[in-house]
Amino acid sequence: MKGVLRMEESFNSEFCTVAYQPADNVVLLTWKKFARLQDYRTPALFAQGLFLRHLYSEFVVDARSGFEDDKEDVAWGFEVLLPAMAKTSCSAVAFILNEASPIEDEMDLWTAEFAKYFAVLRATSYRQAVELLGHRLQSQVFYTLKPGTRDLFLTELKQQG
């Protein structure tokens, strides 16, 4: 159709795939092998873009094929990616890991950082991840703030977890 902008729903490279799963309202990122810099950042930003297009979708990261951290990418993820993702309607992330994972320490690092913004779950399969995401209890809370107290409120909220 002429004049229509088509938004891509999936990304595929030798390092990973990212795809929106409409039946589960999930953005699935599957790492295939170690990636760094743009090979790491481009698919991560693509996933963030899917959250903006698919409201209230959740994030599933399949790290069963391994996941290694590059120091520069960890800093970028913590300082740029996660705060940007927190501005979307995504509220939870599920990490898929093998039961005895050699990357447990790395995933603990990422879990702690993701937990600052999202509910974090661990699973051993995609189906289990989707089931865990679907069984979360969600509540909606509204706060009424006095003018000029927003930044103080957000600081206190972050400190209390």
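Tutor: Let's start with a count: there are 10 salt bridges here, where a salt bridge is a side-chain nitrogen of Lys or Arg within 4 Å of a carboxyl oxygen of Asp or Glu. Before we go on, this is a predicted model, so local features need pLDDT of at least 70 and side-chain atom pairs count only at pLDDT 80 or more, while totals for chains, interfaces and linings use all residues. Residues are numbered from 1 along each chain as its sequence is written, and side-chain values use heavy atoms, leaving out hydrogens and water.

Now, one pair at a time. Asp24 forms a salt bridge with Arg127, and their closest N and O atoms are 3.2 Å apart. This pair links distant parts of the chain, with Asp24 in the loop between β2 (16–21) and β3 and Arg127 in helix α4, 103 residues apart. (Helices, H or I with at least four residues, and strands, E with at least two, are DSSP runs numbered from the N terminus.) Asp24 counts as partly exposed because its relative accessibility is 23%, and Arg127 is partly exposed too, at 44%. (Buried means under 20% relative accessible area, exposed over 50% and partly exposed in between, with a 1.4 Å probe and protein chains only.)

Next up, Arg36 forms a salt bridge with Asp70, with 2.9 Å between the closest N and O atoms. Arg36 sits in the loop between β3 and α1 (38–53) and Asp70 in the loop between β4 and α2 (71–85), so the pair ties together parts that are 34 residues apart in sequence. Arg36 is partly exposed at 32%, whereas Asp70 counts as buried at 13%.

Then there's Asp62, which forms a salt bridge with Arg64, the closest N and O atoms being 2.7 Å apart. Asp62 is buried at 9% relative accessibility, while Arg64 is partly exposed at 33%. Through shared partners, salt bridges also join Arg36, Asp70 and Glu72 into one network.

Strand β3 (residues 26–31) runs parallel to β4, and five bridges join them. Leu29 stands opposite Val61 in β4.

(Rings of Phe, Tyr and Trp, using the six-membered ring of Trp, pair if their centres lie within 6.5 Å; planes under 30 degrees apart count as stacked, over 60 as edge-to-face and the rest as tilted.) One of them joins Phe59 and Phe114, with centres 6.4 Å apart and planes at 45°, so the pair is tilted. Phe59 lies in strand β4 (residues 58–62) and Phe114 in helix α3 (residues 104–114), so parts 55 residues apart in sequence are tied together. Both Phe59 and Phe114 are buried. Phe114 also forms a tilted pair with Phe118, at 5.9 Å centre to centre and 45° between the planes. Phe118 is buried as well, at 6%. Phe59, Phe114 and Phe118 are among the members of one aromatic cluster, which also includes Trp110 and Tyr117.

Conventions:
Pairing = 2+ DSSP bridges.
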